[in-house]
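The sequence and structure come before the details.

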Amino acid sequence: MSFLANGTLACLIRGDLNGASWQELLTSGMQRELKRGKYRHFKGNEYLVIDTARCSETDAIQVIYKPLYNEGQGLWVRPLDMFLETIKRDGKTFERFEFIES
């Protein structure tokens with residue numbers, strides 16, 4: 001499954017393209033793919049992505065996942081753009097969640 005991250009969609013809606021055409025923006029690698037499977041959070045814990053869902057209030061794509069540690073924590077959701085974002089911490093850049101395996 002492949003989804004356009006909400007941040008990119010927001011840029012398209014606002015027209016905030018930083019001089020690029022919308023076609024360039026869509027083909028520049030900003031369209032990110034989310035695979036089902038196991039991911040490692042940048043803090044070290046592992047999670048299983050189960051599926052995605054659309055929020056009934058905002059129409060935003062949400063990632064449905066569960067922790068693979070401390071069983072019984074149930075399911076969690078996080079906005080797709082947040083799940084796929086890169087973050088900076090202590091001068092280093094990380095993917096919030098790194099794909100490990102299907």
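## Salt bridges and a network

Lys-38 is partly exposed, at 23% relative accessibility (buried means under 20% relative accessible area, exposed over 50%, and partly exposed in between, with a 1.4 Å probe and protein chains only). The model is predicted: local features need pLDDT of at least 70, side-chain atom pairs count only at pLDDT 80 or more, and totals for chains, interfaces and linings use all residues. Residues are numbered from 1 along each chain as its sequence is written, and side-chain values use heavy atoms, with hydrogens and water left out.

Lys-38 pairs with Glu-46 in a salt bridge whose closest N and O atoms are 3.9 Å apart (a side-chain nitrogen of Lys or Arg within 4 Å of a carboxyl oxygen of Asp or Glu). Glu-46 is partly exposed, with a relative accessible area of 25%. A network of salt bridges links Lys-38, Arg-40, Glu-46 and Glu-101. The whole structure holds six salt bridges.

## A bridge between two loops

In the salt bridge of Glu-85 with Arg-96, the closest N and O atoms are 2.5 Å apart. Glu-85 lies in the loop between helix 3 (80-83) and strand 7, and Arg-96 in the loop between strand 8 and strand 9 (97-101), so the pair ties together parts 11 residues apart in sequence. Helices (H or I, at least four residues) and strands (E, at least two) are DSSP runs, numbered from the N terminus. Arg-96 is buried at 15%, while Glu-85 is partly exposed at 27%.

## Positive phi in loops

Asp-59, a non-glycine residue, has a positive phi near 70°. Asp-59 sits in the loop between strand 4 (46-54) and strand 5 (61-67) and forms a salt bridge with Arg-54, the closest N and O atoms being 3.6 Å apart.

Asp-90 also has a positive phi, about 55°, without being a glycine. Its loop runs between strand 7 (86-89) and strand 8 (92-95), and Asp-90 is exposed at 77% relative accessible area.
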